[in-house]
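My notes follow the structure.

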Amino acid sequence: MDCTCSVGQAEEGIVIADRNRKPRVLVVEDDGFFTRLLKDALAPMDVDAVYVTTVEAALESARERMPELVLADYLLPGRDGLELLTEIGALRDQPKRVLVTARSEVRRLWGQDIPVLFKPFKSSTLQQLVAELLSPARA
């Protein structure tokens, strides 16, 4: 098995990072129709996509393995996507974040330098945004 790995220091000790590991994209969407659209758009990309439906499930997934990118719907059961993106942005290994919504008024409420992807969207638009956010130049 050929593995290109690097060793780096972390607060808790030594971390081995696999450069061949696909970037993780955490998708938080509770609507089955839009989940299918997101899955179809991300399928041809070289990412490890994880799909959850609640803020709590997203935070649990992020604790298990921090994603490089979080795509969060605005309207979720219980807590909303804005709360999730704020909370996950405060974590040590801050991932890139995108708010996904059909509500145009969110742009006024948001006020943060985080992209907003408006529904409905084209697969190519999502793919371009994901590729741009995960590019090494943006790291």
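These entries cover the strand, its partners and then the loop residue.

**Entry 1: strand E5.** I am working from a predicted model. I started with E5, residues 69-73. Is this strand enclosed or open? I found five of its five residues buried, so the rest of the structure largely encloses E5. I then checked each face. Leu 69, Leu 71 and Asp 73 are buried on one side. Val 70 and Ala 72 are buried on the other. I noted the general rule: side chains in a regular strand alternate between the two faces of the sheet.

**Entry 2: strand partners.** Next I looked up what pairs with E5. Strand E3, residues 24-28, pairs with E5 in the parallel sense over four bridges. There I found Val 25 opposite Leu 69 of E5. Strand E6, residues 96-101, also runs parallel to E5, and that pairing has five bridges. Arg 97 in E6 is the bridge partner of Val 70. I followed the chain from E5 through helix H3, residues 81-89, to E6. This β-α-β crossover is right-handed.

**Entry 3: Arg 65.** I moved to the loop between helix H2 (55-64) and E5, where Arg 65 sits. Is Arg 65 buried or exposed? Its relative accessible area is 17%. The cut-off for buried is under 20%, so Arg 65 counts as buried. What does its side chain reach? I found a polar contact with the side chain of Asp 48, at 3.1 Å. Beyond its neighbours within four places in sequence, Arg 65 also contacts Arg 21, Lys 22, Pro 23 and Arg 24, among others. Last, I checked Leu 26, 39 residues away along the chain: its C-alpha lies 9.9 Å from that of Arg 65.

Definitions and conventions: Residues are numbered from 1 along each chain as its sequence is written. This is a predicted model: local features need pLDDT of at least 70, side-chain atom pairs count only at pLDDT 80 or more; totals for chains, interfaces and linings use all residues. Side-chain values use heavy atoms; hydrogens and water are left out. Buried means under 20% relative accessible area, exposed over 50%, partly exposed in between (1.4 Å probe, protein chains only). Helices (H or I, at least four residues) and strands (E, at least two) are DSSP runs, numbered from the N terminus. Two strands pair if DSSP finds at least two bridges between them. A crossover is right-handed if, with the strands pointing away from the viewer, the path from the first strand over the helix to the second runs clockwise. Contact means heavy atoms within 4.5 Å. A polar contact is a pair of N or O atoms within 3.5 Å; within protein, one must be able to donate a hydrogen and the other to accept it, and residues adjacent in sequence count only if both atoms are side-chain atoms.
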